[in-house]
Amino acid sequence: MKYSYKEMPDQMKGTFGDISRSFGFSWKEFVMTIPSPMFLVTTYKSNGKPNACMQSWAIFTSADHGNGFYALLASVNKNGHLYKSLQETGQAVINFFSADHHAACMDTIKNNQFDADEITASGLTVTKASWVNAPMVEECFMNLECNLAWEKEIVPGDDHVILCLEVLGAHIDEDHLADKTGDNGLLYNIHYPINPENVGKTAHDYAGVLQKKIDVMEY
């Protein structure tokens with residue numbers, strides 16, 4: 001049996017799935033629960049201090065007949081340091097971390113003062129990018145150096161935008177060259193899954209990893 005949802009179920013009214021609109025989230029996000037990769041985007045603020053912004057809600061895709069590789073960040077706050085620094089420099093690094101460094105990367109959310117080095121303040125190490133003017137995080141197993149390609153509002157006048165970053169190149173730890181998934185690989189944001197037919201008093205965010213299930217084909 002399948003359940004159908006077009007309007008918010010009565011059971012969700014008054015719960016986090018309802019009041020989360022104040023934080024910019026639709027109730028549909030929690031009912032449909034579609035994970036996306038987690039990563040840390042790093043830039044330089046106008047004062048030269050490293051900025052670090054946790055991100056998810058993103059896709060990575062090839063374009064231009066295979067001549068380009070791009071990251072589409074679907075929900076970047078116009079009022080945050082990431083958006084402002086990208087307007088100023090047009091360059092950033094996308095840093096992928098394993099579960100071992102999840103807590104330190106999450107700490108950047110708290111250490112986000114304008115005058116702070118948001119990377120070192122969170123117990124992480126700043127290294128210099130090779131091709132762009134942006135900091136990298138040494139502890140992250142893969143770093144993608146990027147240029148800002150374009151931005152677009154999903155809804156005109158919204159306070160969040162889609163940012164398209166062109167990936168120029170990557171740095172990858174030796175241990176992750178063959179496989180970037182599994183227990184020590186890419187983490188996925190599993191955002192507040194809610195059962196709309198049995199809504200609990202609390203909801204939880206999770207971070208998960210991929211498990212290979214089917215060998216589709218050999219190329």
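This is a short tour of the structure, stop by stop.

This is a predicted model, in which local features need pLDDT of at least 70, side-chain atom pairs count only at pLDDT 80 or more, and totals for chains, interfaces and linings use all residues. Residues are numbered from 1 along each chain as its sequence is written, and side-chain values use heavy atoms, with hydrogens and water left out.

**Whole chain**

Four helices and 12 strands make up its secondary structure. Both are DSSP runs numbered from the N terminus: helices are H or I with at least four residues, strands are E with at least two. Along the principal axes, the C-alpha atoms fill a box of roughly 50 × 45 × 35 Å.

Now colour by burial. Of the 219 residues, 39% are buried. Buried means under 20% relative accessible area, exposed over 50%, and partly exposed in between (1.4 Å probe, protein chains only).

**Salt bridges**

The count is seven salt bridges. Each needs a side-chain nitrogen of Lys or Arg within 4 Å of a carboxyl oxygen of Asp or Glu.

- Select lysine 13 and aspartate 10. Their salt bridge spans 3.1 Å, N to O. Lysine 13 is partly exposed at 49%; aspartate 10 is exposed at 59%.
- Select arginine 21 and aspartate 18. Here the N to O distance is 2.6 Å. Arginine 21 is exposed at 56%, but aspartate 18 is buried at 14%.
- Select lysine 110 and aspartate 107. They meet at 3.2 Å, N to O. Lysine 110 is exposed at 59%, while aspartate 107 is partly exposed at 27%.

**Surface patches**

Switch to a surface view. Patches take residues with over 30% relative accessible area and no salt bridge; like charges are joined within 9 Å, nonpolar side chains (Val, Leu, Ile, Met, Phe, Trp, Tyr) within 5 Å.

Select Glu138, Asp173, Glu174 and Asp175. They form a negative patch; Asp and Glu count as negative, with the charge placed at CG of Asp or CD of Glu. Aspartate 173 lies in the loop between strand S10 (160–172) and strand S11 (188–190). Aspartate 173 is partly exposed at 33%.

Last, select Ile214, Val216, Met217 and Tyr219. They make a nonpolar patch of about 600 Å², an area from the Shrake-Rupley method with a 1.4 Å probe. Methionine 217 sits in the segment after strand S12 (206–208). Methionine 217 is partly exposed at 48%.
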